[in-house]
Amino acid sequence: MVCVTSGKGGVGKTTTSASLAMGLAERGFRVCAVDFDIGLRNLDLHLGCERRIVFDFVNVIQSECKLHQALIKDRHQPNLFMLAASQTRDKTALTSEGVELVIDQLRSSFDYIVCDSPAGIENGATQAMRHADIALVCTNPELSSVRDSDKMLSIVASKSKRAELGQEPVQSYLLITRYHADRVAMDSMLGAADIQEMLGVPLLGVVPESADVLKSTNVGRPVILQVRPPPSRRRLLRRLGHRLLGRRRRPRRRRPRRRRPRRRRLSPSPLTTHHSTFTLQDNSDVALAYQDLIKRFLGEECGEQSE
């Protein structure tokens, strides 16, 4: 079970949850995206199923319907399902016993459960974090957002079910959103290396600022599907995936070509994870960034699959 969380609102949790769920489903995993934001749901908008909701999370908890009646199957991706949050109930409707019962049922039917957690430390957020196996903490490159993310990491480490039972700790990862490489180069924004050093958790990906996020929400499609990367970027993604999986790429014979003068660009910012080094290019392709995130995520979890 993957919990996408943060201390502040508006950092891209729902965008990340929708893209992560869709990316995993496209790779053949059965995925259920669960919205924990009772009263302020938005995940249904990102997945384009807001008009198909009949039953929701609270209806299942209160035994007003069966779980399979509340699950909404994506029209374009048969491996992806969504469990919507209630739009009219109070956040106290999420009881610990009810949430645990629903999560146990989902674990038996899906490979991955992606939970879209509300911001802060209210009941919905703590319920989502309590059952997490993996925590993906989203933060913006600003000091207040980073400080709140540090608080969320502490809560995940101390209040999760794994911590209560003395099991292996929740695997926590960092995702930086709304990143501007040019502003970092001008020292007007925190860099990825600085944020990672402040939080002390592995960096899973960096998502640049892009207008594609708003466009994808308006059309009801996860932003990871919005733009297909050009061939050169697809080759780059394959190489990154091979390096993460420890595979060696066969050398290719290339034809010599004439060099062309290039415009001077800002130097890319090196980003370091706990087991690989990659480079963030100065671009605004947010779809490419989320596809890169999926590759790194599966590179971490392909050895031992987590629910």
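Predicted model: local features only at pLDDT ≥ 70, side-chain atom pairs only at ≥ 80, totals over all residues.

Colleague: Is Arg41 buried or exposed?

Modeller: Arg41 has a relative accessible area of 18%, and the cut-off for buried is under 20%, so Arg41 counts as buried.

Colleague: And Asp44, buried or exposed?

Modeller: Buried too: Asp44 has a relative accessibility of 4%.

Colleague: How many salt bridges turn up in the whole structure?

Modeller: Nine, from a search of the whole structure. One of them joins the side chains of Glu64 and Arg89, at 3.5 Å from N to O.

Colleague: Where do Glu64 and Arg89 lie?

Modeller: Both are in loops. Glu64 is in the one between α3 (57–61) and α4 (67–70), while Arg89 is in the one between β4 and α5 (96–107), so the pair ties together parts that are 25 residues apart in sequence. As for accessibility, Glu64 is partly exposed at 42%, and Arg89 is partly exposed at 29%.

Colleague: OK, what about Glu164, which residue does it form a salt bridge with?

Modeller: Arg130, and the closest N and O atoms are 2.9 Å apart. This pair links distant parts of the chain, 34 residues apart: Glu164 sits in helix α8 (residues 161–165) and Arg130 in helix α6 (residues 123–130). Arg130 is buried, with a relative accessible area of 19%.

Colleague: Which residues are linked in a network of salt bridges?

Modeller: Arg107, Asp133 and Arg162 are linked that way.

Colleague: Switching topic to the strands. What does β2 pair with, and in which sense?

Modeller: Strand β2 (residues 31–35) pairs with β4 in the parallel sense, over four bridges. Within that pairing, Ala33 stands opposite Met82 of β4.

Colleague: And β3 with β4, parallel or antiparallel?

Modeller: Antiparallel, with two bridges joining strand β3 (residues 72–73) to β4. Lys73 has Phe81 in β4 as its bridge partner.

Colleague: Last one: which residues of β4 are buried on each side?

Modeller: On one side of β4 (residues 80–83) you have Leu80 and Met82, and on the other Phe81 and Leu83. All of these are buried, so both faces of the strand are covered.

Conventions:
Residues numbered from 1 in each chain as written. Heavy atoms only, no water. Buried < 20%, exposed > 50% of the residue type's maximum accessible area, 1.4 Å probe, protein only. Pairing = 2+ DSSP bridges. Salt bridge = Lys/Arg side-chain N within 4 Å of Asp/Glu carboxyl O.
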